[in-house]
Amino acid sequence: MYSRKHDYKRSRKSVCERKPRQAYSARQLDRLETEFQTDKYLSVNKRIQLSQTLNLTETQIKTWFQNRRTKWKKQLTSSIRQMVKDAPTSTSVGVPFQSLLTPPTPPTTLACHVNSLFACEQ
(Lines give C-alpha, C1' and ligand atoms only; values in the text may rest on other atoms or scores of the structure.)
Protein backbone atom coordinates (compact mmCIF):
# COMPACT_ATOMS: atom_id res chain seq x y z
CA MET A 1 0.00 0.00 0.00
CA TYR A 2 1.21 3.48 -0.84
CA SER A 3 2.05 5.59 2.21
CA ARG A 4 1.67 9.34 2.08
CA LYS A 5 4.44 11.71 2.95
CA HIS A 6 1.91 13.86 4.82
CA ASP A 7 -1.24 12.96 6.70
CA TYR A 8 -3.31 15.90 5.48
CA LYS A 9 -5.55 15.96 2.44
CA ARG A 10 -5.74 18.94 0.16
CA SER A 11 -9.03 20.64 0.86
CA ARG A 12 -11.25 21.02 -2.18
CA LYS A 13 -14.57 22.68 -2.52
CA SER A 14 -17.43 20.31 -3.13
CA VAL A 15 -18.95 20.31 -6.59
CA CYS A 16 -21.92 22.40 -5.49
CA GLU A 17 -19.61 25.05 -3.91
CA ARG A 18 -17.49 25.58 -7.03
CA LYS A 19 -18.16 28.25 -9.62
CA PRO A 20 -19.61 26.86 -12.84
CA ARG A 21 -17.25 26.50 -15.77
CA GLN A 22 -16.60 29.86 -17.43
CA ALA A 23 -18.00 30.28 -20.92
CA TYR A 24 -15.88 33.00 -22.49
CA SER A 25 -17.44 35.38 -24.99
CA ALA A 26 -15.93 35.72 -28.47
CA ARG A 27 -14.65 39.19 -27.50
CA GLN A 28 -12.94 37.83 -24.38
CA LEU A 29 -11.36 34.95 -26.31
CA ASP A 30 -10.13 37.26 -29.09
CA ARG A 31 -8.47 39.54 -26.55
CA LEU A 32 -6.96 36.66 -24.56
CA GLU A 33 -5.58 35.06 -27.74
CA THR A 34 -4.17 38.40 -28.91
CA GLU A 35 -2.42 38.87 -25.57
CA PHE A 36 -1.15 35.29 -25.68
CA GLN A 37 0.36 35.82 -29.15
CA THR A 38 2.15 38.90 -27.81
CA ASP A 39 3.42 37.30 -24.62
CA LYS A 40 2.99 33.77 -23.29
CA TYR A 41 3.36 34.95 -19.68
CA LEU A 42 1.48 37.87 -18.12
CA SER A 43 2.81 40.36 -15.61
CA VAL A 44 0.69 41.01 -12.55
CA ASN A 45 -0.20 44.47 -13.85
CA LYS A 46 -1.26 43.10 -17.24
CA ARG A 47 -3.37 40.42 -15.54
CA ILE A 48 -5.12 43.04 -13.40
CA GLN A 49 -5.74 45.22 -16.47
CA LEU A 50 -7.14 42.31 -18.47
CA SER A 51 -9.39 41.18 -15.63
CA GLN A 52 -10.89 44.65 -15.38
CA THR A 53 -11.21 45.09 -19.13
CA LEU A 54 -12.75 41.66 -19.76
CA ASN A 55 -14.79 41.50 -16.56
CA LEU A 56 -13.08 38.27 -15.43
CA THR A 57 -11.29 37.48 -12.19
CA GLU A 58 -7.49 37.47 -12.06
CA THR A 59 -7.67 33.75 -11.28
CA GLN A 60 -9.70 33.12 -14.44
CA ILE A 61 -7.12 35.04 -16.50
CA LYS A 62 -4.23 33.18 -14.88
CA THR A 63 -5.90 29.80 -15.38
CA TRP A 64 -6.76 30.57 -19.01
CA PHE A 65 -3.09 31.42 -19.70
CA GLN A 66 -1.86 28.27 -17.94
CA ASN A 67 -4.24 26.12 -19.99
CA ARG A 68 -3.35 27.95 -23.21
CA ARG A 69 0.39 27.46 -22.63
CA THR A 70 -0.22 23.74 -22.13
CA LYS A 71 -2.20 23.59 -25.38
CA TRP A 72 0.53 25.57 -27.19
CA LYS A 73 3.27 23.20 -25.99
CA LYS A 74 1.25 20.18 -27.11
CA GLN A 75 0.67 21.78 -30.53
CA LEU A 76 4.37 22.57 -30.84
CA THR A 77 5.38 19.02 -29.96
CA SER A 78 2.81 17.62 -32.37
CA SER A 79 4.01 19.80 -35.25
CA ILE A 80 7.63 18.81 -34.59
CA ARG A 81 6.65 15.15 -34.63
CA GLN A 82 4.80 15.69 -37.91
CA MET A 83 7.87 17.39 -39.41
CA VAL A 84 9.96 14.38 -38.42
CA LYS A 85 7.41 12.02 -39.90
CA ASP A 86 7.36 13.96 -43.17
CA ALA A 87 11.14 14.53 -43.30
CA PRO A 88 13.39 12.46 -45.57
CA THR A 89 15.20 9.63 -43.81
CA SER A 90 18.66 11.08 -44.47
CA THR A 91 20.03 13.67 -42.09
CA SER A 92 21.47 15.93 -44.78
CA VAL A 93 21.10 19.03 -42.62
CA GLY A 94 22.90 17.47 -39.69
CA VAL A 95 19.84 17.31 -37.41
CA PRO A 96 19.35 13.93 -35.74
CA PHE A 97 15.68 13.40 -36.58
CA GLN A 98 15.37 10.45 -34.23
CA SER A 99 15.97 12.78 -31.27
CA LEU A 100 12.79 14.68 -32.18
CA LEU A 101 10.71 11.62 -31.39
CA THR A 102 11.54 11.79 -27.69
CA PRO A 103 9.81 14.71 -25.97
CA PRO A 104 11.81 16.62 -23.35
CA THR A 105 11.20 15.46 -19.80
CA PRO A 106 10.22 18.73 -18.07
CA PRO A 107 7.92 20.95 -20.14
CA THR A 108 10.00 24.01 -19.27
CA THR A 109 12.84 22.72 -21.45
CA LEU A 110 10.72 22.53 -24.60
CA ALA A 111 12.08 25.77 -26.08
CA CYS A 112 15.65 24.68 -25.32
CA HIS A 113 14.93 21.28 -26.87
CA VAL A 114 13.53 22.85 -30.04
CA ASN A 115 16.47 25.26 -30.32
CA SER A 116 19.00 22.46 -29.90
CA LEU A 117 17.33 20.47 -32.69
CA PHE A 118 18.02 23.16 -35.24
CA ALA A 119 21.59 23.88 -34.20
CA CYS A 120 23.90 22.15 -36.68
CA GLU A 121 26.72 20.07 -35.22
CA GLN A 122 30.07 20.95 -36.73
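Colleague: Which residue forms a salt bridge with arginine 68?
Modeller: First, a word on the source: this is a predicted model in which local features need pLDDT of at least 70 and side-chain atom pairs count only at pLDDT 80 or more, while totals for chains, interfaces and linings use all residues. Residues are numbered from 1 along each chain as its sequence is written, and side-chain values use heavy atoms, leaving out hydrogens and water. A salt bridge here is a side-chain nitrogen of Lys or Arg within 4 Å of a carboxyl oxygen of Asp or Glu. With the closest N and O atoms 2.9 Å apart, the partner of arginine 68 is glutamate 33.

Colleague: How many residues apart are arginine 68 and glutamate 33?
Modeller: Arginine 68 sits in helix α3 and glutamate 33 in helix α1, where a helix is a DSSP run (H or I) of at least four residues, a strand is one (E) of at least two, and both are numbered from the N terminus. The pair therefore links distant parts of the chain. Their separation in residues is 35.

Colleague: Is arginine 68 buried or exposed?
Modeller: Buried means under 20% relative accessible area, exposed over 50%, and partly exposed in between (1.4 Å probe, protein chains only). Arginine 68 has a relative accessible area of 11%, so the word for arginine 68 is buried.

Colleague: Which residues are linked in a network of salt bridges?
Modeller: Glutamate 35 meets arginine 31 at 3.1 Å, N to O, and these two are four residues apart in helix α1, which means about one helical turn. Glutamate 35 also meets lysine 46 at 3.5 Å, N to O; because lysine 46 lies in helix α2, this pair ties together parts that are 11 residues apart in sequence. Glutamate 35 is buried at 11%, whereas arginine 31 and lysine 46 are each partly exposed at 24%. The network is made of Arg31, Glu35 and Lys46.

Colleague: How many helices are there in the chain?
Modeller: From the N terminus on, the elements run α-α-α-α. There are zero strands. The count of helices is four.

Colleague: Which residues does leucine 32 touch?
Modeller: A contact means heavy atoms within 4.5 Å. Leaving out residues up to four places away in sequence, leucine 32 touches Tyr24, Leu54, Leu56, Ile61, Trp64 and Phe65.

Colleague: Which helix gives the most to the lining of the largest pocket?
Modeller: On a 1 Å grid over the protein atoms alone, a pocket is an open set of points where a 1.4 Å probe fits, with protein on both sides within 12 Å along at least five of seven lines, and lining residues have an atom within 4 Å of a point. The largest pocket is lined by 16 residues, with Arg21, Gln22, Tyr24, Gln60 and Thr63 nearest its centre. Six lining residues come from the helix that gives the most, α3.
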